[in-house]
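Hello,

Here is the structure I promised to pass on. My notes follow below it.

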Amino acid sequence: MNRRKSVILLGVIFLLVGSLLPYEVLSAMRGTVMTRQGMVSSAHPLASLVGVNVLQRGGNAMDAAIAMAAVLNVTDPAMTGIGGDMFLLYYSAKDGKVTALNASGRAPAAATVERIRAMGHEKIPPFHGLAVSVPGALDGWALALERYGTMKLADLLEPAIHYAETGYPVYKTLLVYYQNNGRSLTQYPDSVRTYLVNGRFPRSGEMLVQKGLAASFRKLAAGGKDVFYRGELGEQVVRAVQGAGGLLTMKDLSDHRSDWVEPVSTTYRGYTVVEFPPNTQGVALLEQLNILEGYDVKALGANSAALIHLQVEAVKQSFADRDRYVTDPQRVAVPTKGLLSKAYAATLRARIHPDRAAPAATPGDPLPHNTTYFAVVDKEGNGVSFINSLRNPFGSGVTAGQTGILLQNRGQDFSLDPNHVNRIEPGKRTMHTLNPAMVLKDGKLYMVIGCAGAHQQTQAIQQVLVNHIDFGMGIQDAIEALRWGVVGRNLAVEARIPEPVRKALEAKGHKVVGAPPGAFGGCHAVVVDPVTGIRMGGAESRRDSIALGH
């Protein structure tokens, strides 16, 4: 994001939210915002502004994260909300420890391979009630706030209630989601009433008002999460899901629990990269970095065909392992330790030919024989890496009655193959692409980072880390650098990648195709300088994102 765009965007923010407390916008160099106190980076300016406002009022990183999550539920409705799932990593500056919260939901108790196949399905239909598993996000918000926050949920929901009640202008990225993915909404009358304007998709700059969601947030502010998991909001969720052909019940909601789990990590060139464990794909990022650590990346040159080839092959191998092994570890033993060992990475590296693309990677043997992401660091040095998702843009397309709550379709990621590791079972969590990350240096928080974009997430984070750690790019430059992504058997590349690089990749056997910038994920990061303590925020220029500090 260049300086002119940053100034214009900040001017728009002042016009939109002049009623909020003023904040200090500190120095910006090529879009990298720098501050000595709190820093946030998110997918929408209003969410970033609210996060900074909470920090200014004395809230900590977790308080800001929950307020931002609620605002993004309103302003990024295609991507996120309490009808979805959430994962977070929390770094405590007091004890230098990272903890992980898994707030993903489980399959309904009635969901079995046999039952769904008997209904005539060979795969779980994505825009259908069967794709709706238990929404875990709200329980996660409440649990995280209870353990690490200092403010009340009711107070943190106030900005979201305001924007849902009064509306906000539809912006470029949201308009693209409507145009490309909005048809799922048109199947369900409550979704049409909530998210369309007079029966049509909203236009650019038109105000999107969500009074039903505002009313739901008021009920949550008054009654807490039980209104959703045991009360009237939950009843409307269940009615909507069952009306759309799904199996969710009130008992499924009331039985839900989020879990504090141990994060996983690896080292990369002197840094410790921390990820979320299975049932997420976080291990894929760590496996990619383990493979790449064995190469002289810097000598190959940033965004060279030689380097991109090795990065792509590392992605392909990690995805083959992910798809073979990653599922709910409470149901199936996932060989996480083996997947993340340096010795295993060496065996995978030996499979990679420097000049020839593998047509398809096969899983190794590690055994012994459209999502929103945002980052927050507060003045005390606590950090939150937070990701919340509906799975597809607009999720299942199902809205729960008049609540304004759009429901995810994460259940489509289950398999109906009874022999598959990720087969659907009652109360099971599916494999998730969501994976918040952090980087530590000498045991202290160095970076909070994550990326929206399903299978693109680990690939984009890997590219940003290589750009920053191996090539010394500033965090904003590392995010804005040329990007690519493995999509099935294709290698999608941005138009900015030079033609000679494309040709060299094709000569190695890669099937190179073009894709729009929005296809390459939405990354956000906050870096903490280990010497000065200065916070540096980077935001995804491919989307309507912004980093702000105070």
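**Sheet and helix packing**

Thr372 stands opposite Asn388 in strand S12. This is a predicted model, in which local features need pLDDT of at least 70 and side-chain atom pairs count only at pLDDT 80 or more, while totals for chains, interfaces and linings use all residues. Residues are numbered from 1 along each chain as its sequence is written, and side-chain values use heavy atoms, without hydrogens and water.

S11 (residues 372–377) and S12 (residues 383–389) are antiparallel partners, joined over six bridges. Strands (E, at least two residues) and helices (H or I, at least four) are DSSP runs, numbered from the N terminus. Two strands pair if DSSP finds at least two bridges between them.

The open sheet has seven strands, in the order S8-S5-S4-S12-S11-S3-S20, with antiparallel pairing. S8 (259–261) and S20 (546–549) are the edges; each has a single partner strand, so one side of each lacks a neighbour in the sheet. Neighbouring strands are turned by 15 degrees against each other on average, direction ignored.

Helix H3 (residues 61–75) packs on this sheet. H3 touches S3 (39–42), S4 (85–92), S11 and S12. Contact means heavy atoms within 4.5 Å. The direction of H3 makes about 155 degrees with that of S11. Axes are lines fitted to C-alpha atoms, for helices over the stretch in contact; angles run from 0 to 180 degrees between N-to-C directions.

Then there is a helix pair. The axes of H6 (residues 153–166) and H9 (residues 211–223) come within 8 Å and cross at roughly 170 degrees. That makes H6 roughly antiparallel to H9 (angles over 145 degrees count as such).

Best wishes

Conventions: Parallel < 35°, antiparallel > 145°, perpendicular 65-115°, else oblique.
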